[in-house]
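Dear colleague,

I am passing on the structure below for you to look through. My notes on what was found in it follow, with the cut-offs given as each term comes up.

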Amino acid sequence: MGKVVGIDLGTTNSLVAYAREGVPHVIRDASGDALVPSVVSLGDDGTFFVGREAQRRLLTAPSRSVYSVKRFMGRGVDDVRGEAALLPFKVGGEAGGVVRIGLDDREFTPPEISAFILRELKQRAEDYFRDQGEFDFEVDRVVITVPAYFNDAQRTATRDAGRLAGLEVLRIVNEPTAASLAYGLDQRDRGIIAVYDLGGGTFDISILKVEDGVFQVLATNGDTHLGGDDIDRLLVELVLRELGSSGGSNRLRAEGASASLAEAREKPWRAEAEHQDTPYAERPAEEIQAIRKAVIAAKLDLTDAEETEIRMDALGYRRRITRAEFEQLIRPLVERTIQPVRQALADAGLEPSEVDEAVLVGGSTRVPLVRRLVSELFGRAPHSELNPDEVVALGAAVQADILMSGRREMLLLDVTPLSLGIETMGGVVSKIILRNSTIPASGREMFTTGVDSQTSVDIHVLQGERELATDCRSLARFKLRGIPPMPAGLPRIEVRFQIDANGILSVAASELRTNIAQTIEVKPSYGLTDQEVERMLIESFEHAQADVDARLLIESRNEAETVIHATEKSLRRPNFSEIATVDLQPGEQERIESALDALRQAMAGSDRDAIRERTHDLNHATQHLAEVMMNRGVREALAGKNVKDV
Amino acid sequence: MTPDPIAVRTVSTLECRNCGAGAPVDEHFCPQCSRILALGRHGDYFSFLGLPRRLVIDQAQLERRFRDLSRQFHPDYFYNASPTERLASLERSSYLNDAYRALRNPISRIEHLLAIEGLPSAKSEDPTTSSGSLRAESRGAGTAKVPPGLLEQVFELNEQLDEIRESRESGGDTATLRERLDSARKPIDLKREEHEREVESLSARWDEQLASGSPADRRTTLEALRERLLERNYINNLLATIDREAASLEARAG
């Protein structure tokens with residue numbers, strides 16, 4: 001059957017959790033670390049690194065290392081132009097299409113990058129289950145969390161990422177709702193809960209009503225582009241400004257680093273438009289990443305300390321920063337969360353004083369200013385008993401458990417964060433499903449034709465609260481075909497929109513007079529078609545094989561190096577000629593030396609099998625020598641000691 | 001008991017797709033094999049929730065009913081069921097959510113009652129048109145025409161708004177304009193409060209007539225309710241216009 005786990009696919013870090021008998025646990029690696037940094041890096045030999053190792057490579061290979069890819073999920077090139085300019089990796093794609101990330105000479109969509117992270121988490125979970133002695137350790141199905149304010153395209157992109165990683169996404173759950181589920185396990189009382197979730201890249205506020213184990217979301221709001229990343233960027237900009245004015249290093253960015261993608265997709269890493277005042281353009285990517293690392297360290301310090309230092313020895317930069325200064329700098333950002341909170345409360349028909357509990361989720365809620373703001377907003381100290389980094393993954397695991405066990409004590413009833421509508425005459429949006437409707441939700445709209453014998457109709461589906469189509473998010477364009485030829489205005493075509501429990505839309509239509517179902521061609525505006533996902537799946541299998549090959553080659557090389565090193569060490573011993581004369585057979589030394597040469601030659605190439613064979617040969621040739629050396633070592637050790645010490 | 005004026009429901013029984021047994025339209029699970037039933041064309045939120053067709057409802061009871069049925073239908077509990085049952089669960093859950101949403105709010109509750117009693121309000125089922133080559137059709141007449149009961153207020157307000165707008169554009173004092181806007185708003189606010197009281201008393205009257213009134217009396221009450229809803233839309237539009245003007249004033253002041 002396989003295991004079903006819960007995954008928090010975060011902007012900065014990702015986690016996997018599993019519920020055993022209803023109790024969720026975060027799955028950690030051997031060193032006890034729960035967080036997998038959401039970073040993917042392409043090595044020079046084509047190997048992919050994910051997590052901690054990829055994070056280290058941000059400093060050494062920034063143009064080949066992707067971070068915060070979640071911000072690009074389900075988005076178009078035009079949406080991300082401003083922020084892409086600040087990233088060290090290439091972000092491009094065709095105008096009006098999905099974002100593409102360039103690594104070396106390969107291109108990836110955000111779901112493909114996310115799939116690497118998901119595969120890593122899947123691997124981690126499977127290793128864990130295997131270590132636990134479970135016979136059935138395979139992980140094939142998951143519950144993945146997304147920001148509550150994610151639109152249809154962003155949710156669909158997340159589901160596609162799961163498919164690409166070979167996982168069936170049973171359910172997409174909103175992060176704040178998942179968090180409330182994890183909290184609800186301990187405090188199964190009734191009341192109104194506000195979940196304030198400020199993560200690495202996104203902000204969500206959800207207002208829930210909990211009663212009889214039903215977690216009913218009343219309203220949700222947020223900002224999919226507001227989080228710790230933005231705090232970091234403010235600090236980086238501060239450092240860059242100061243470096244600029246104090247005449248620090250002013251090297252130009254390496255030439256040609258971003259020139260390999262076709263011109264239409266080229267996105268040189270240069271500050272544009274709103275970022276023109278920052279000196280990003282003048283710095284090499286390695287330097288920016290080093291600064292980013294230093295300011296993040298300072299930010300974390302300021303959670304507990306009243307002041308700290310941003311220190312960059314390589315750039316000769318040191319700066320004291322107090323918490324007051326830090327707070328003054330980030331206050332406008334943090335205050336951007338107030339309006340969504342007020343809107344969510346208004347939509348829920350509640351006053352702040354009617355909220356019984358406020359819960360903090362997301363790493364950025366460790367910032368003291370954020371905590372103070374939440375206390376002020378709700379007039380009470382917020383809860384943060386559970387680790388804000390882990391609580392979402394725990395909730396996802398609980399939801400996975402509910403789906404698999406069929407237990408009905410707890411039920412999540414979530415809402416759709418944005419209204420769904422279609423474009424009508426004059427580019428005006430006609431709303432069909434309103435925001436904060438409990439999902440699953442459905443809506444119907446009647447259409448007719450404008451021309452005699454018209455057999456198809458174009459429909460443009462949008463998501464958003466604004467009146468005009470141009471101000472809303474384009475989700476998809478549909479063509480209704482197969483309308484029976486009739487005089488204009490006579491057909492009655494019913495189009496049914498269905499939002500499922502994942503917050504993902506599907507559409508069906510039929511002509512009511514003839515009861516003929518219509519075919520619908522779905523063309524997602526900022527997503528991948530099924531065919532594209534299929535093609536990527538095939539490619540990823542091919543690359544997966546290539547990736548495995550590359551990894552195996554590296555392992556063989558490592559093993560060969562170990563043997564070469566040990567052999568050379570023995571041969572270099574000052575008393576080796578004496579050993580050879582006394583203990584070795586005639587010709588043995590020559591056999592060892594020739595095996596060593598053979599392996600060295602194999603190492604110059606990249607034939608893994610040759611390396612392994614020569615390694616084996618050398619091992620075999622040195623087996624006797626190794627025994628000799630060991631015996632001598634024992635004798636030498638004993639020689640210097642008394643009998644009673646032995 | 002006299003029959004309801006016009007029945008919207010077209011299907012009176014459901015057929016279980018699992019065992020083929022027939023089931024009353026308001027059943028959710030097959031009486032024979034207890035599988036979840038496909039939704040069919042249900043049209044009555046009250047009966048779906050097992051509630052009487054009343055306008056003054058017990059909110060707590062509605063919520064309990066909603067939670068109970070959610071626990072029975074939700075797709076989370078049908079992951080391992082057959083595709084037919086999964087679809088039925090999705091449809092029933094969606095419909096339940098629609099029903100709960102419509103009945104929770106007193107105004108949409110009235111709108112739904114009018115629809116199932118055969119008096120569709122402003123929100124009709126007229127075909128709309130997409131941005132493409134479709135023919136434009138108005139979505140009901142309710143919003144364009146001024147309801148007779150509001151003519152006087154509308155006339156006065158429009159005049160005042162014109163003046164305020166003019167004065168704002170030619171640089172009139174913000175504080176004075178704000179005051180004038182407030183006083184222009186007052187009669188509309190009053191009208192709205194009066195209106196709400198009327199809707200409440202009509203709702204209570206409907207509930208009484210449901211038990212003991214004649215069909216003609218009930219019809220009169222429903223028509224009065226429909227009239228109030230049309231007025232209500234208009235009043236809300238007026239208030240929105242005032243709010244927009246207030247926002248323009250604040251934007252200028254800020």
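**What was found**

Chain B comprises seven helices and two strands, where helices (H or I, at least four residues) and strands (E, at least two) are DSSP runs numbered from the N terminus. Along the sequence these follow the pattern β-β-α-α-α-α-α-α-α. Everything here comes from a predicted model, in which local features need pLDDT of at least 70 and side-chain atom pairs count only at pLDDT 80 or more, while totals for chains, interfaces and linings use all residues. Residues are numbered from 1 along each chain as its sequence is written, and chains are lettered from A and ligands numbered from 1 in the order in which they are written.

On confidence, the predictor gives the complex an ipTM of 0.79 and a pTM of 0.78. The pLDDT, which is the predictor's confidence in each residue on a scale from 0 to 100, has a mean of 84 in chain A, with 90% of the residues of that chain at 70 or more. Residues 246-278 of chain A, however, have a pLDDT below 50, and this stretch has 53 contacts in the model beyond near neighbours in sequence; two residues are in contact if their C-beta atoms, placed from the backbone, lie within 7 Å. For chain B the mean pLDDT is 81, and 85% of its residues reach 70 or more. In chain B, pLDDT stays under 50 over residues 1-10, and it is also below 50 over residues 129-143. Where pLDDT is low, the predicted coordinates should not be read in detail.

Turning to the interface, 39 residues of chain A and 25 residues of chain B make up the contact. On the side of chain B that touches chain A, the elements giving two or more residues are α2 (59-73) and α3 (83-104) of chain B, and the largest share, six residues, comes from α3(B). That side divides into seven nonpolar, 11 polar and seven charged residues, where Ala, Val, Leu, Ile, Met, Phe, Trp, Tyr, Cys and Pro count as nonpolar, Asp, Glu, Lys and Arg as charged, and the others, Gly among them, as polar.

In chain A there is an open sheet of three strands in the order β6-β5-β7, with antiparallel pairing; strands pair if DSSP finds at least two bridges between them. Its edge strands are β6 (48-50) and β7 (65-67) of chain A, and the twist averages 15 degrees from one strand to the next. Helix α1 (residues 52-60) of chain A packs on this sheet, touching β5, β6 and β7 of chain A, and its direction makes about 70 degrees with that of β5(A); axes are lines fitted to C-alpha atoms, for helices over the stretch in contact, and angles run from 0 to 180 degrees between N-to-C directions. Helix α3 (residues 110-131) of chain A lies across β5, β6 and β7 of chain A, at about 65 degrees to β6(A).

The largest nonpolar core has 162 residues, and A:Val5, A:Ile7, A:Ala17, A:Ala396 and A:Ala397 have the most contacts inside it. Such a core is a set of buried Ala, Val, Leu, Ile, Met, Phe, Trp, Tyr and Cys residues joined through C-beta atoms within 7 Å, and a residue is buried if 20 or more other C-beta atoms lie within 10 Å of its own. Helix α11 (residues 391-405) of chain A provides the largest share of this core, 10 residues.

With best wishes

Technical notes:
A residue is buried if 20 or more other C-beta atoms lie within 10 Å of its own, exposed if 12 or fewer, and partly exposed in between; C-beta atoms are placed from the backbone.
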